[in-house]
Amino acid sequence: QVQLVESGGGLVQAGGSLRLSCAASGIIFRINAMGWYRQAPGKQRELVAEITSGGSTKFADAVKGRFTISRDNAKNTVSLQMNSLNPEDTAVYYCNADPHYHTGSDLGSWGQGTQVTVSS
């Protein structure tokens, strides 16, 4: 059974930083693409960043230069370092694991989400 557990969310002031982590179990972590998505109130869930099994990364335009994503295949974890946060980054952030090259397919699995709130 796949389990993705996110941690690290919270309340931060604009300009601050947070680091989200996702611990995965029940999958062969090293072959999965891993991603972070977010959903703000009244908006659709959107891709924030992903990292393939080979280490290639992709970022949403809104977070390029501010967020980084990394994975530790030995620990089955993926992290999202978020810097220079602004109120538009406020959302529930979800971890995604997908056996395809990219994340977000119907075969992917989701964590329960962690709230990130950025105050102005």
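**View 1. Strand β8 within the predicted model.** Five of the six residues of β8 are buried, so this strand is largely enclosed by the rest of the structure; buried means under 20% relative accessible area, exposed over 50%, and partly exposed in between, with a 1.4 Å probe and protein chains only. Strands are DSSP runs of E with at least two residues, and helices are runs of H or I with at least four, both numbered from the N terminus. The model is predicted, with local features needing pLDDT of at least 70 and side-chain atom pairs counting only at pLDDT 80 or more, while totals for chains, interfaces and linings use all residues. Residues are numbered from 1 along each chain as its sequence is written, and side-chain values use heavy atoms, with hydrogens and water left out.

**View 2. The partners of β8.** Strand β3, which covers residues 18-25, pairs with β8 in the antiparallel sense over six bridges, where pairing requires that DSSP finds at least two bridges between two strands. In this pairing, Arg19 stands opposite Gln81 in β8. Strand β7 also runs antiparallel to β8 and is joined to β8 by six bridges, and here Asp72 is the residue that stands opposite Thr77 in β8.

View 3. Asn76 lies in the loop between β7 (67-72) and β8 (77-82). The hairpin of these two strands has four residues between them, and within it Asn76 takes a positive phi near 55°, a value found here in a residue other than glycine. Asn76 counts as partly exposed because its relative accessibility is 24%.

View 4. Ser84 lies in the loop between β8 and β9 (91-98). Ser84, likewise a residue other than glycine, has a positive phi, near 50°, and at 41% relative accessibility it counts as partly exposed.

**View 5. The setting of these details in the whole protein.** The secondary structure comes to zero helices and eleven strands. The radius of gyration is 13 Å, close to the 14 Å that the globule rule gives for 120 residues, so the protein is as compact as a globular protein of that length; this radius is taken over C-alpha atoms, and the rule is 2.2 Å times the number of residues to the power 0.38. Of the 120 residues, 42% count as buried. Among contacts between residues at least 6 apart in sequence, 57% join residues at least 24 apart, a contact meaning heavy atoms within 4.5 Å.
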